[in-house]
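Please read the following note alongside the sequence and the model. The points are numbered so that each may be checked in turn.

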Amino acid sequence: ALEAARAAGKRVVMMKAGISAASARAAGAHTGSLVGDDRVVDAVLRELGVIRVYSPQELVHTLLLLHSTRGRVPQGPGVGFITFGGGPGVLATDQCFQAGLNMPALQPESVAAIRSLLVPVATASNPLDLTPSTAFQDEPLARLPDAVKVLGSDPGIDSLLFSIGSQNARAEPISRALFQVIEQSDKPVAVVWPNPPKEVGELLVSRRIFGFPDPISAITALA
């Protein structure tokens, strides 16, 4: 079945118990069947292109991310992080490291191109710290998709993670910029928007975009 799914270009996400010796014994006692060597299982699943997860929450979030990205998956560990505040970027950098991903430094030409599109107080790097001043000015917000396009085109970036945070006062123009970012990106884009206004939430659903509740959930799904 897994070979048939791969041949058909279908993504498979699987959660399998019995990773440790203790859980394997527990499974055997419960079902009377063998779980198998987890290292062998992991290698077989990897060979077949199966995305393995380790909790029901990871299973749901990974499926929702695949739904949002139309089945596209990152081709490497490099994450481009976009945020309206510096703190979330620092935390997300650590969380990427813990998940086996990274936030690579950008090429000098990428930094120069991004800097020309941002407000002076923003940080043209990865993470890309737009600062709240971008959210509250129409012109910088209109240039945001172009800046993110440069970020996504950097050779070290394999996926994009856009954290909206608590900028709900400007939810409508931010959502328009977000939709443009996703439409023009050739990389998978994950969105963190914990509690968007009802109207914007409905727009996200209509466009098949899942808003993760926090960066770590999105990072785990990308990993």
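**Note on the predicted model**

1. A salt bridge joins the side chains of Glu139 and Arg143, at 3.2 Å from N to O. The term denotes a side-chain nitrogen of Lys or Arg within 4 Å of a carboxyl oxygen of Asp or Glu. Both residues belong to helix α8 (residues 138-153), where they are four residues apart, about one turn of the helix. Glu139 counts as exposed at 58% relative accessibility, whereas Arg143 is partly exposed, with a relative accessible area of 25%. Here buried means under 20% relative accessible area, exposed over 50%, and partly exposed in between (1.4 Å probe, protein chains only).

2. Residues are numbered from 1 along each chain as its sequence is written, and side-chain values use heavy atoms, with hydrogens and water left out.

3. The whole structure holds six salt bridges. Among them is the one between Asp42 and Arg46, at 3.3 Å from N to O. These two residues both lie in helix α3 (residues 38-47), four residues apart, about one turn of the helix. Helices (H or I, at least four residues) and strands (E, at least two) are DSSP runs, numbered from the N terminus.

4. Asp42 also meets Arg52 in a salt bridge, at 3.2 Å from N to O. Arg52 lies in strand β2 (residues 51-53) and Asp42 in helix α3, so this pair ties together parts that are 10 residues apart in sequence.

5. In what order do the five strands of the open sheet lie? The order is β4-β3-β5-β6-β7, with parallel pairing; two strands pair if DSSP finds at least two bridges between them. Strands β4 (128-129) and β7 (211-212) stand at the edges with a single partner strand each, so one side of each is left without a neighbour in the sheet. Between β5 (residues 159-163) and β6 (residues 189-192) the parallel pairing has four bridges. Leu161 has Ala190 in β6 as its bridge partner.

6. Two aromatic pairs are present in the structure. Rings of Phe, Tyr and Trp (its six-membered ring) pair if their centres lie within 6.5 Å; planes under 30 degrees apart count as stacked, over 60 as edge-to-face and the rest as tilted. Phe84 and Phe162 form a tilted pair, with 6.1 Å between centres and 40 degrees between planes. This pair links distant parts of the chain, 78 residues apart: Phe84 is in the loop between β3 and α5, and Phe162 is in strand β5. Both Phe84 and Phe162 are buried.

7. The ring centres of Phe210 and Phe212 are 4.8 Å apart and their planes stand at 75 degrees, so this pair is edge-to-face. Phe210 is partly exposed, with a relative accessible area of 23%, while Phe212 is buried at 0%.

8. Ser68 lies in helix α4 (residues 56-68) and counts as buried at 11% relative accessibility. Apart from its neighbours within four places in sequence, Ser68 is in contact (heavy atoms within 4.5 Å) with Arg208, Ile209 and Phe210.

Technical notes. Predicted model: local features only at pLDDT ≥ 70, side-chain atom pairs only at ≥ 80, totals over all residues.
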